[in-house]
Number of protein chains: 2
Amino acid sequence: MKKNKQEISPAVIRRLPRYYRYLTELERLGFTKISSADLSRKIQVTASQIRQDLNCFGDFGQQGYGYNVKSLRESIADILGIRENNRAVIIGVGHLGGALANHTTLEKCGVKLVGLFDNSLDILGKTVAGHLVRDIKDVEAFCIENRVNLAVLTLPKQSAEEMARRLASAGVTGFWNFANTELRLPDLDVHIENVHMGDSLMQLCYKLKSGNDEVEN
Amino acid sequence: MKKNKQEISPAVIRRLPRYYRYLTELERLGFTKISSADLSRKIQVTASQIRQDLNCFGDFGQQGYGYNVKSLRESIADILGIRENNRAVIIGVGHLGGALANHTTLEKCGVKLVGLFDNSLDILGKTVAGHLVRDIKDVEAFCIENRVNLAVLTLPKQSAEEMARRLASAGVTGFWNFANTELRLPDLDVHIENVHMGDSLMQLCYKLKSGNDEVEN
């Protein structure tokens, strides 16, 4: 039975990208179907957990057949909203912003990069990953005109909140925040994913020190 | 009471970097003590959860006083092993490898970057973030000579496993893997943290589509 969205636990949503990655890889390798047992071994989630997770969203498996790789992958893409034509700008074209502009992550998540912005004269007017680096003073008009709904924040942390508020005023409702600060805007109707790359490095340091390899994500 | 490491749950270890980040920020802002209630509001973990998490590692708080910011921060740094003088190389100096070489994350986690390696003639011999980009053919000798125990993998995924095995043979036991593949080396005594930046972007896409903001990490 399909649950309504309020009942779907955060843990389920956290696991879905992992399912999606594996199914994408399986499809690339030419697999057309997979049993929940095989999927379980691949992604290290128990088969019953997989069935339970997917049941939140409807019936996907077929008794004695398993999952159809392509259709399950597409269904998860739909659940995750990665075929929604999200349109993004990157704010701050330093090393990390430039790397994300060149990286395939945005594209793989169905997010179309439409513009890059910075305030440094050193980089304004240059082209990075095929995109002109524009002046941050024009960002609101650009976002409105280009129906941008997502912003990748790779700017100094002291500027993150003010910039997010400017972008929100121009229709941006999603923030993928690499500014090394916990951005929260509870007064606005926006969604934020704060990325802290150091957290996984610290977990690795913990494993190295303790010899304990039990930190699963 | 201090538990032995086998009993400490992965969830606790996952939360520690968050505590560490906030305590670092508090210290920077000049705070010397904080109550578990205030810490709770700051990091959005319940006060009882914080007390329970920290109790895994010994007694930190003092009834009616709260936590000493500096000493708690240092204790967590010790638990996480981020003062262990880990020494790292970055393998693959493309956009992302270059960004990580220039980023403060390694340094903030107490990891010393000692070398950069690539196999592309375009970049060999250049200097990135103050480090010479060296030829990958010399990586084993360099790692042994420089007591490297951690490798940041920012190379194409089809090369990740072979490279990790070469590095492991030269004493590297920790892998921070950005190669967009789930690296597993169960036959070796090494620790791996596979980073999938797209997962958080997919969670953001989900929030944007569903309006559901309940995906906590």
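Through which surface do the copies, chain A and chain B, meet? They meet through the same surface, because 100% of the interface residues of chain B are also interface residues in chain A. Bear in mind that this is a predicted model: local features need pLDDT of at least 70, side-chain atom pairs count only at pLDDT 80 or more, and totals for chains, interfaces and linings use all residues. Residues are numbered from 1 along each chain as its sequence is written, while chains are lettered from A and ligands numbered from 1 in the order in which they are written.

**Confidence**
- Chain A has a mean pLDDT of 90, with 93% of its residues at 70 or more; pLDDT is the predictor's confidence in each residue, from 0 to 100.
- For the complex, the predictor gives an ipTM of 0.91 and a pTM of 0.90.

**How the copies and domains sit**
- Chain B superposes on chain A by a rotation of 180 degrees with 0.0 Å of shift along the axis, at an RMSD of 0.0 Å (least squares on C-alpha atoms of residues with pLDDT of at least 70 in both).
- The two copies are thus related as by a two-fold rotation axis.
- Chain A splits into domain 1 (5-79) and domain 2 (86-198), with bounds from an automatic or database domain assignment.
- The C-alpha centres of those two domains of chain A are 31 Å apart.

**The core**
- The largest nonpolar core holds 124 residues, and A:Leu153 and B:Leu153 have the most contacts inside it.
- Such a core is a set of buried Ala, Val, Leu, Ile, Met, Phe, Trp, Tyr and Cys residues joined through C-beta atoms within 7 Å.
- Leaving out residues up to four places away in sequence, B:Leu153 touches residues including B:Ile91, B:Met163, B:Phe175 and B:Trp176 (contact means C-beta atoms, placed from the backbone, within 7 Å).

**A:Leu167**
- A:Leu167 sits in helix α8 (residues 157-169) of chain A; helices (H or I, at least four residues) and strands (E, at least two) are DSSP runs, numbered from the N terminus.
- A:Leu167 counts as buried because it has 25 C-beta neighbours inside 10 Å (buried takes 20 or more other C-beta atoms within 10 Å, with C-beta atoms placed from the backbone).
- Beyond four places in sequence, A:Leu167 touches A:Val139, A:Cys143, A:Ala151 and A:Val172.

**Helix α1 of chain B**
- The buried residues of α1(B) include B:Val12, B:Leu16, B:Tyr20 and B:Leu23.
- They pack against α9 (197-210) of chain A together with β1 (33-34), α2 (36-43), α3 (47-55) and α4 (69-80) of chain B.
- Just after α1(B), B:Gly30 has a positive phi of about 95 degrees.

Technical notes
A residue is buried if 20 or more other C-beta atoms lie within 10 Å of its own, exposed if 12 or fewer, and partly exposed in between; C-beta atoms are placed from the backbone. Two residues are in contact if their C-beta atoms, placed from the backbone, lie within 7 Å.
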